[in-house]
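I am opening a new notebook page for this structure.

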Amino acid sequence: MMSAKVGDDVYGEDAAVNALQRHAAEMFGMESALFCPSGTMTNQIGIRVHVQPGDEVVCHELSHIYLYEGGGIASNSGCSVRLMRGEYGKFSAEQLAKNINPVDDSHAAMTRLVAIENTTNVGGGSCWDIVDIEGIRQVCDQHGLALHLDGARVFNALVANDQSPKRFGELFDTISICLSKGLGAPVGSLLLGNKELIAKAHRVRKSMGGGMRQAGYLAAAGTYALEHHVERLRDDHNKARMLGDELSGLSYVHAVLPVATNIVIFDLDDSIDSDRFLDYLHQQGVLGMILKGQTIRFVFHLDISDAQFEEVLSAVKRFESDGVTV
């Protein structure tokens with residue numbers, strides 16, 4: 001990071017940022033890319049470049065862009081939202097086709113954009129089947145809709161399914177990728193698209209306050225992550241699966257979502273106080289979060305060593321014996 005050649009990225013003069021943007025775009029076979037501080041910003045810019053106020057965005061009811069981005073679809077783009085349902089944060093092409101407003105109905109918002117999330121966060125790190133994405137793309141083409149990917153953890157999906165980034169680049173108009181999750185960079189995300197959309201995205205980023213000056217120090221970490229930390233995501237997936245198997249056999253765990261990548265989501269038995277459970281684990285040096293009620297989420301990343309993983313397994317086992325008295 002400290003050897004990065006930097007400049008003023010607002011003027012496109014930061015060599016390290018430019019190199020990162022070219023590298024990411026080439027990986028996905030897309031024309032251009034834009035470096036931003038966060039995945040929320042790349043998603044919100046990705047939405048805004050496709051829509052006008054009063055338009056409609058179609059996404060899953062559990063999607064990050066709807067639940068966890070501060071109402072940004074409304075405040076940044078002035079759009080309404082059509083929420084889809086389906087297992088593990090996914091929906092089908094058939095569902096989508098039935099939820100597109102007629103273009104000649106002035107009473108309804110104009111459906112403009114479809115957004116999917118891969119992997120799905122609240123869906124337990126579930127991956128979309130490429131055939132299902134192809135079906136979504138076909139419906140979008142038939143109705144003149146843009147397709148955006150919230151790919152905060154897209155590399156987890158690519159590694160888990162041995163898929164090509166370039167195939168994803170062919171299917172989506174815009175893709176948001178995060179560098180600071182499993183890939184381990186300290187901060188930053190990228191929005192990918194064609195040159196026209198990314199030129200528009202530059203203006204939107206500026207209006208959102210996302211233009212940074214000597215951002216190359218951060219971009220250099222992102223380039224390193226893309227070059228060195230993609231394949232190692234398999235280690236996170238293996239740890240997550242082993243933890244999921246362990247939790248499935250514990251008496252205080254009601255259910256565990258299928259573990260596909262690096263996220264483990266499970267429900268505690270109703271007799272267990274979820275706050276007390278996390279407090280107990282915190283005392284053991286293990287951090288997790290409550291999604292809602294009795295639902296707990298753990299996420300694995302490159303900073304969790306094998307020794308620390310064993311401590312996690314020991315902590316969840318110990319809770320079974322002494323957690324009720326804590």
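I began with F309, which counts as buried at 4% relative accessibility; buried means under 20% relative accessible area, exposed over 50% and partly exposed in between, with a 1.4 Å probe and protein chains only. I note that this is a predicted model, in which local features need pLDDT of at least 70 and side-chain atom pairs count only at pLDDT 80 or more, while totals for chains, interfaces and linings use all residues. Residues are numbered from 1 along each chain as its sequence is written, and side-chain values use heavy atoms, with hydrogens and water left out.

Aromatic rings. I searched the whole structure and found 10 aromatic pairs. Rings of Phe, Tyr and Trp (its six-membered ring) pair if their centres lie within 6.5 Å; planes under 30 degrees apart count as stacked, over 60 as edge-to-face and the rest as tilted. F309 pairs edge-to-face with F300, at 5.7 Å centre to centre and 70 degrees between the planes. F300 is buried too, with a relative accessible area of 3%. I also listed one aromatic cluster, made up of Y252, F266, F277, Y280, F298 and F319.

Overall build. I counted 13 helices and 11 strands in the protein; these are DSSP runs numbered from the N terminus, helices being H or I of at least four residues and strands E of at least two. The radius of gyration is 21 Å, close to the 20 Å that the globule rule gives for 326 residues, so the protein is as compact as a globular protein of that length. That radius is taken over C-alpha atoms, and the rule is 2.2 Å times the number of residues to the power 0.38. Buried residues make up 50% of the 326.

The loop between β4 and α6. I placed N121 in the loop between β4 (110-117) and α6 (130-143). N121 is buried, at 7% relative accessibility. Beyond its neighbours within four places in sequence, N121 is in contact with H64, Y68, R153, I263, I265 and R297, where contact means heavy atoms within 4.5 Å. T119 is in the loop between β4 and α6, and the peptide bond from N118 to T119 is cis, with omega near 0 degrees.

Positive phi. Which residue other than glycine has phi near 50 degrees? I found D162, in the loop between α7 (154-161) and α8 (165-171). D162 is exposed, with a relative accessible area of 60%. Y88, not a glycine, has a positive phi of about 55 degrees. I found Y88 in the loop between β3 (80-84) and α5 (93-97), partly exposed at 29%.
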